[in-house]
Amino acid sequence: MGYGNTEDGAAEAAAGGTGAGAGAEPGVSDSMRTFGAVVQALREHAGLTREEFADKVGYSKHTVASIEQGRRMPDRDFVERAEPVLGGTGALRKAAPHLSRQAGLASWFRQWARLETQAVTLWTYECRVIPGLLQTERYAQAVTVSVPPVKDEEQVAKQVAARLERHQLFERRPPIAFSFIIEQALIERGTGGPDVMREMLDGLMERSSQFNVELQIMPRYQPDHAGFDGPLMLLESQEHKWFGYAEGQRGGMLISDPKEVSITLQRYAKLRSQALNSEDSRSLLKQLRGAV
C-alpha cells in the first residue's frame, strides 16, 4: 500500500509510494496549481503582499509562494488560517478536499494520498520494498530505476521528488500516529548496493526514534504469517473513519466497505503480534547495519 512502496506506479504501489511506478505521470497536479492560483487571487484582492499574508497566517513567505505556485500541498492548518484572512468565503475549505498531489504519484494512488494528508493514524505493512514514506532519496532512485519500463533522468527525478514530498507527513501538526511493519528480507536484499542500504538502515533507525513512529520488523522465520495476501495500508480519518488500501503490479484499490476494512484491520493486528516489537526491531536493524 502511501503511502510508500509502489504507489508511484508498480513499484510505488508496494511502498505506498514506494516503487518505480511504471504508470506514473510526472509533474505537478492541476488541482494544486488551481488551488494556488485561487489563493493568490484572493490574497491580491485583499490587498496583501505575499509577505504580509505569510505573517498573518503564520507561514514563511517561501511556503506561501510554493503553495501559490502549485508546488506544495497545503495542509489543513494553512487552509483554516487563510480562510478568515482572505475574506472567509469558504472557497478554500471547499476546494481543499479535491486537491491531489503531483502526477509523479500513480493515478490510482492519488485518492489515497489525499486521505493521507488528513489522517490521524496511518499503518503500513510491506513485503516488496521499503515503504515510500521511509525511503531515502538514493534508495527511492534505485527502486525507481529498477522497475521497467526504462525511464529517463527527468522521469526518475520527478517520481522520486513526489515520493519524498510525502515525508512532510512526519512533521504535520497535529501529528499522525504511524505504524510500519516491514519484512526483514527487504533489508537483506541489498537494493542499490551496500552504500545505499547503509544509508537506508541509518534512515530507518532515525525515523523509528521519532515519537509518533512505530517500526516493527517481520523476521525471516515466521510460519504463521497474516500477510500472505500481500502488502496493505490502513488509515484513520479525522472523523475516525477507517480506510484501507491494497495494491498490485499495475493498479490499486481503496477499501471503504466496513466489512472489508474490518478484515484488513484484523490482518494488521495479527501482523503486529507476529512481528518483532519496536525495541527488538531496532536491535535487529543495528545488527543488519553492521553486516552491510
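Author: Two strands pair if DSSP finds at least two bridges between them. Strands (E, at least two residues) and helices (H or I, at least four) are DSSP runs, numbered from the N terminus. This is a predicted model, in which local features need pLDDT of at least 70, side-chain atom pairs count only at pLDDT 80 or more, and totals for chains, interfaces and linings use all residues. Residues are numbered from 1 along each chain as its sequence is written, and side-chain values use heavy atoms, with hydrogens and water left out.

Reader: Which residue stands opposite F243 in β5?

Author: That residue is L235. Strand β4 (residues 232-236) and strand β5 (residues 242-247) run antiparallel and are joined by four bridges.

Reader: In what order do the six strands of the open sheet lie?

Author: The order is β3-β2-β1-β4-β5-β6, with mixed pairing. At the edges stand β3 and β6 (252-255), each with a single partner strand, so one side of each is left without a neighbour in the sheet. From one strand to the next, the twist averages 10°.

Reader: Which helix packs on the sheet?

Author: Helix α12 (residues 258-274) does, touching β1 (121-126), β2, β3, β4, β5 and β6. Contact means heavy atoms within 4.5 Å. The direction of α12 makes about 110° with that of β4; axes are lines fitted to C-alpha atoms, for helices over the stretch in contact, and angles run from 0 to 180 degrees between N-to-C directions.

Reader: How is a pair of packed helices described?

Author: Two packed helices are described by the angle between their axes and the distance between the axes. Here, the axes of α3 (residues 50-57) and α4 (residues 61-68) come within 8 Å and cross at roughly 105°. That makes α3 roughly perpendicular to α4 (angles of 65 to 115 degrees count as such). The contact is made by R50, E51, F53 and A54 of α3 and K61, V64, A65 and E68 of α4.

Reader: Is E51 buried or partly exposed?

Author: Buried means under 20% relative accessible area, exposed over 50%, and partly exposed in between (1.4 Å probe, protein chains only). With a relative accessible area of 46%, E51 is partly exposed.

Reader: Which residues of α11 are buried?

Author: In helix α11 (residues 194-208), the buried residues are V196, M197, M200, L201, L204, M205, R207 and S208. They pack against α8 (137-146), β2 (177-183), α10 (184-188), β3 (213-218) and α13 (278-291).

Methods: The expected span of a helix is 1.5 Å times one less than its number of residues. Angles under 35 degrees count as roughly parallel, over 145 as roughly antiparallel, 65 to 115 as roughly perpendicular and the rest as oblique.
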